[in-house]
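Thank you all for coming.

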Amino acid sequence: MAKSYDDSNVFARILRGEIPCKKVHETEHALAFHDIDPQTPTHVLVIPKGAYIDMDDFTAKASEAEIAGLFRAVGEVARMVGADGPGYRILSNCGEAAHQEVPHLHIHLFAGRDLGRMIGKA
């Protein structure tokens, strides 16, 4: 079933300037800002500027420039916040079973402490 993008989601509103954010970095294809409810000492969200619901939608429809731009922005942000040395984790939830909360692709960048195992054993 085809999903349709909801342009009233919070990240679309941030991109339009309707909701402020604490910006970390911005490029032609991506915007990075601090999460309002950080789960680690450093918790930045990196989002594409295009209207993409999740990673599945993005990788199916985005241009090569948008894909490269988003992932380059993730690396740039990690270096900007000093996470590249000690290490960081990136995470993007895709869909209901993964508990994606905002229907706009977003990549979490977590750092600033030991992050433990990737996922606990079942």
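This is a predicted model: local features need pLDDT of at least 70, side-chain atom pairs count only at pLDDT 80 or more; totals for chains, interfaces and linings use all residues.

Residues are numbered from 1 along each chain as its sequence is written, and side-chain values use heavy atoms, with hydrogens and water left out.

Strands count as paired if DSSP finds at least two bridges between them. On to the next pairing, where E3 and E5 are antiparallel over five bridges, with Ile-107 of E5 as the bridge partner of Val-46.

How much of E3 is buried? Seven of its seven residues are, so E3 is largely enclosed by the rest of the structure; buried here means under 20% relative accessible area, exposed means over 50%, and partly exposed is in between, using a 1.4 Å probe and protein chains only. Thr-42, Val-44, Val-46 and Pro-48 point one way from E3, whereas His-43, Leu-45 and Ile-47 point the other way, and all of them are buried. E2 is mostly covered as well, with four of its five residues buried.

Turning to the helix, H3 has 17 residues and reaches 24 Å from its first C-alpha to its last, close to the 24 Å expected at 1.5 Å a residue, where the expected span is 1.5 Å times one less than the number of residues. Its buried residues are Glu-66, Gly-69, Leu-70, Ala-73, Val-74, Gly-75, Val-77 and Ala-78. An α-helix has 3.6 residues a turn, so residues three or four places apart point the same way. The cover over the buried residues of H3 includes E1, E2, E3, helix H2, E4 and E5. Just after H3, Gly-82 takes a positive phi of about 75°.

Which residues have the most contacts inside the largest nonpolar core? That core has 18 residues, and the ones in question are Ala-32, Val-44, Val-46, Phe-58, Leu-70, Val-77 and Leu-109; a nonpolar core is a set of buried Ala, Val, Leu, Ile, Met, Phe, Trp, Tyr and Cys residues joined through side-chain atoms within 4.5 Å. E2, E3, H3 and E5 each supply at least two residues of this core, and H3 gives the largest share, five residues. Apart from this core lies another, of seven residues, among them Phe-11, Ile-14, Phe-33 and Val-102. As for Leu-70, leaving aside neighbours within four places in sequence, its contacts (heavy atoms within 4.5 Å) are Ala-30, Val-46, Ile-47, Pro-48, Phe-58, Leu-105 and Ile-107.

Now to the loop between E4 and E5, where His-106 is placed. The UniProt record, an unreviewed entry, puts the feature "active site" at His-106; such positions are given in the numbering used here, feature names are shortened, and annotations may be inferred rather than shown by experiment. Is His-106 buried or exposed? At 7% relative accessibility it counts as buried, and, again leaving aside neighbours within four places in sequence, its contacts include Phe-11, Val-46, Leu-91 and Gln-100. His-99 lies in the loop between E4 and E5 as well, but at 60% relative accessibility it counts as exposed, and it has a positive phi of about 65° although it is not a glycine.

Finally, Ala-111 is found in E5 and is buried, with a relative accessible area of 3%. Not counting residues up to four places away in sequence, Ala-111 touches Thr-40, Pro-41, Thr-42, Ala-83, Gly-87 and Tyr-88.
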